[in-house]
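Please read the following explanation with the sequence and the model side by side.

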Amino acid sequence: MSIDKKTLSERDICTKYITPAIERAGWDKQTQFLEEVTFTDGRIIVRGKLHTRGTAKRADYILYYKPNIPIAVIEAKDNKHSVRDGLQQGLDYARILDIPFVFSSNGDGFVFHDRTATGADIETELDNDHFPSPEELWERYKKYKGIVTPEAEKIVEQDYYFDGSGRKPRYYQQIAVNRTVEAIAGGQNRILLVMATGTGKTYTAFQIIYRLWKSRAKRKILFLADRNALIEQTKRGDFKHFNDKMTVVKKHQVDKAYEVYLALYQGLSGSEEERNIYKQFSPDFFDLVVVDECHRGSAREDSSWREILEYFKGATQIGLTATPRETDEISNSEYFGEPIYTYSLKQGINDGFLAPYRVVRVMLDVDAEGWRPPKGFRDKFGNLVEDRVYNRRDFDKKIVIEERRKLVARKISEILESIGRFSKSIVFCCDIEHAQGMRGELVKANADLAAANSKYVMQITGDNDEGKRELENFTNPEETYPVIATTSELMTTGVDAQTCKLIVLDSNINSMTKFKQIIGRGTRINEEYDKRSFTILDFRNATDLFADREFDGEPIRVKPISEDADLTTIIAEEEADETPLIDEETGEEVRIVPPAVRTPASTPANFTRLEKIVVNGVDVSVLVSRELHFDSQGKPITKKLTDHTKEIVTEQFATLKDFLTRWNESDRKEAIIGELEERGVLVAELENSVDKQLDLFDLICHVAYDQPPLTRKERANNVKKRNYFTKYGDRTRQVLEALLDKYADEGVQEIENIKVLQIPPIDEFGSPTEIIMQFGGKQKYLEAVRELESELYKVA
């Protein structure tokens, strides 16, 4: 008796028809295809102090010619669908994954879409006995990529490095590596990769270098960075597998017996001829030069990096950056060419590989209005203060208002009360003196914790040896101290602060490059240590740069603060180019001598003199500001929040009937709420702006379709009036009544989570297992919850 395909599930279709067809075509199940491949983690959605994940993207099949060289994606459907019904989804996945060949199947055969073809050959239908072989698709792939010589094919087919740990590249790292290796195999010698901070540029660089080195396409490699910390991280981390084939160039001496060289660019060049250590190498010594963080001046024609790159101009050169620079004087793309691949901050957040963030904006009155000293006003040291208006650009650069610093420290401490006083935090200041001063104010504002451990607050700047020694402890998730780091330039880039939960901006930031680098200090995720999002506390309106078309990251929200706002509760309630002065020898920021120690004898020749006026006795307060929200593209929402919500909802559900059908058919309302949040509906903000007592269902119906809303309590009371619970026994009725009360207080998401059975007063009815068994098992319990939801939403 033959099987009726129409009765089979999608998974049955895969097992009985699609997988056998692939294997008959010669694909090795162990090494050449994977099923149900999840390639994103799902965006992290923040609701007050709670976090959840959006839906991760998953392909039914991905076919590989070799491991990590994907060449085809297959989307499967059950046999109630047509053979073409998976094609659009497959094409979308293929675009994201950079895969040229797409197949759709319902078990009857395949539709083959060749993204490399033109004309009538783009799509063809195939039966199950004529699925293409690996060799056939590989030949098409090589032709498409321009891989025409045996030498090029050998490079492209070189395996990735596997260390046995199971670690493998994420999909975007795989694309970056494959595109780079293929481009170099095809003869391209200048390559730019743009990858957001926290997405693993160094690991990507390692896999590129390893494949080129192992295939012997490149034998001598130079890896350049601009910070000692970056060199040490690279050596101890991803590059450690090069082992004795690798060396770090130090003390202006070179040993030419190695194959992989790590170097600080300042250590290879300088204004004095004898410092040009790189000239100890012949111009053709290196055949591959990789430049990390290449935005930091490497493309400037008169820069040290550019000088080195020009000297080794015969080598293939790869630039890596999170923030390519394009100004009248500096252009990454002019030197390296257009990026061969870009993975942006926005993509990283949407995929769930980078942490989303909320923004709290604090506007101080002296910053907004300026401060003019009264006639005859004298500074802290008795000197007459020049009579003029001092503004935000002057504060902490030219003039220090001690009360301003005290207020900033107090607001930082308040927000730490909300998110956790041991949350790793970085305070970005105008210069080293400002970082030193803010450390002192933060110690006073957190005297209890600073007294318990003197490293609770540390100044980590280029001139402070003790602070620099603590940098590794700050970035180590296992180390509690330091908790708060005050800095100016040293920590803007190259610092892997996995658990940083608070970024404070008290510096005038005009450079988009610098702004992105600073935001990048908080974007890493470490779920083991509960780091899934972070907060940006902005005192200088630096977050205006979010509205710039060059910025591509999407904040959860931006919330300016009113005069009376207490930042200890804010999270719970929600549910000009600043180029640093860098020492050429060390790669560290040049010290700015604080006024208190500024004497000719204490000022080395390479230090910058900076006069600052220090005043006190000035009234400083927080101004009232309006609340700002951002859309899904990271741009300010200029319309009312309700209008913004209506636009998103009606785009997905054109009519009220469409929305009601989707809501009532869904087994879990939480899933619909998650979908709306992923599309840009700001659920917590909408509840706050309309009515916190309304269910999201009523909020949507009211805002998007002009329906009169009911509060959660009104819905709960309607259920009670209908005597719905009479069909249940005493114990199960009491549980359901308690769930109904929980819904009235907190919403439908709460009762859908089975953990609600552990929460008072429901836990009084027994353990979760005991309560579930009173309903006759888990399935019966879940059915009872779904019936309760149906009763809740009968009145619409």
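Leucine 222 counts as buried, at 1% relative accessibility, where buried means under 20% relative accessible area, exposed means over 50% and partly exposed lies in between, with a 1.4 Å probe and protein chains only. This is a predicted model, in which local features need pLDDT of at least 70 and side-chain atom pairs count only at pLDDT 80 or more, while totals for chains, interfaces and linings use all residues. Residues are numbered from 1 along each chain as its sequence is written, and side-chain values use heavy atoms, with hydrogens and water left out.

Leucine 222 has its place in strand β10; strands (E, at least two residues) and helices (H or I, at least four residues) are DSSP runs, numbered from the N terminus. Although leucine 222 and alanine 315 are 93 residues apart along the chain, their C-alpha atoms are separated by 9.8 Å. Strand β10 belongs to an open sheet of seven strands, whose order is β11-β12-β10-β13-β14-β9-β15 and whose pairing is parallel; two strands pair if DSSP finds at least two bridges between them. The edges of this sheet are β11 (246–248) and β15 (341–343), each of which pairs on one side only. On average, neighbouring strands of this sheet are turned by 15° against each other, direction ignored.

Within that sheet, β12 (260–264) is mostly covered, since five of its five residues are buried. In a regular strand the side chains alternate between the two faces of the sheet. Both faces of β12 are covered, with Val260, Leu262 and Leu264 buried on one side and Tyr261 and Ala263 buried on the other. Five bridges join β12 to β10, and these two strands run parallel; phenylalanine 223 has leucine 262 of β12 as its bridge partner. Strand β11 is joined to β12 by three bridges, again in a parallel run, and here threonine 247 stands opposite tyrosine 261 of β12. Further along the sheet, four bridges join β13 (residues 288–291) to β14 (residues 316–321), which run parallel, with threonine 316 of β14 as the bridge partner of leucine 288. Helix α7 (residues 228–236) lies across β10 (221–225), β11 and β12, and runs at about 155° to β12; such angles run from 0 to 180 degrees between N-to-C directions, and the axes are lines fitted to C-alpha atoms, for helices over the stretch in contact.

A second open sheet has six strands in the order β1-β4-β5-β6-β7-β8, and its pairing is mixed. Its edge strands, β1 (33–38) and β8 (123–126), each pair on one side only. The twist in this sheet averages 25° from one strand to the next. Strands β5 (residues 69–76) and β6 (residues 101–105) run parallel and are joined by five bridges, and isoleucine 74 stands opposite phenylalanine 103 of β6.

**Helices**

Asparagine 178 has its place in helix α5 (residues 171–185) and is buried, with a relative accessible area of 8%. Leaving aside residues up to four places away in sequence, asparagine 178 touches Asn68, Ile69, Pro70, Tyr160 and Arg211, where contact means heavy atoms within 4.5 Å.

Arg211 is also among the buried residues of helix α6, which include Tyr203, Phe206 and Trp213. Because twelve of the 14 residues of α6 are buried, this helix is largely enclosed by the rest of the structure. At 1.5 Å a residue, the 14 residues of α6 (residues 201–214) should span 20 Å, which agrees with the 20 Å between its end C-alpha atoms; the expected span is 1.5 Å times one less than the number of residues. Just after α6, arginine 216 takes a positive phi of about 65°.

How do the axes of helices α20 and α24 cross, and at roughly what angle? The axes of α20 (residues 641–652) and α24 (residues 696–705) come within 8 Å and cross at roughly 95°. The two helices are therefore roughly perpendicular to each other, a term for angles of 65 to 115 degrees, whereas those under 35 count as roughly parallel, those over 145 as roughly antiparallel and the rest as oblique. Their contact is made by Thr642, Thr645, Lys646, Val649 and Thr650 of α20 and by Ile700, Val703, Ala704 and Tyr705 of α24.

**Cysteines**

The structure holds zero disulfides, a disulfide being a pair of cysteine sulfur atoms within 2.5 Å. The sulfur of cysteine 430 has its closest cysteine sulfur in cysteine 429, 7.2 Å away, which is too far for a bond. Cysteine 430 counts as buried at 11% relative accessibility, and cysteine 500 counts as buried at 1%.
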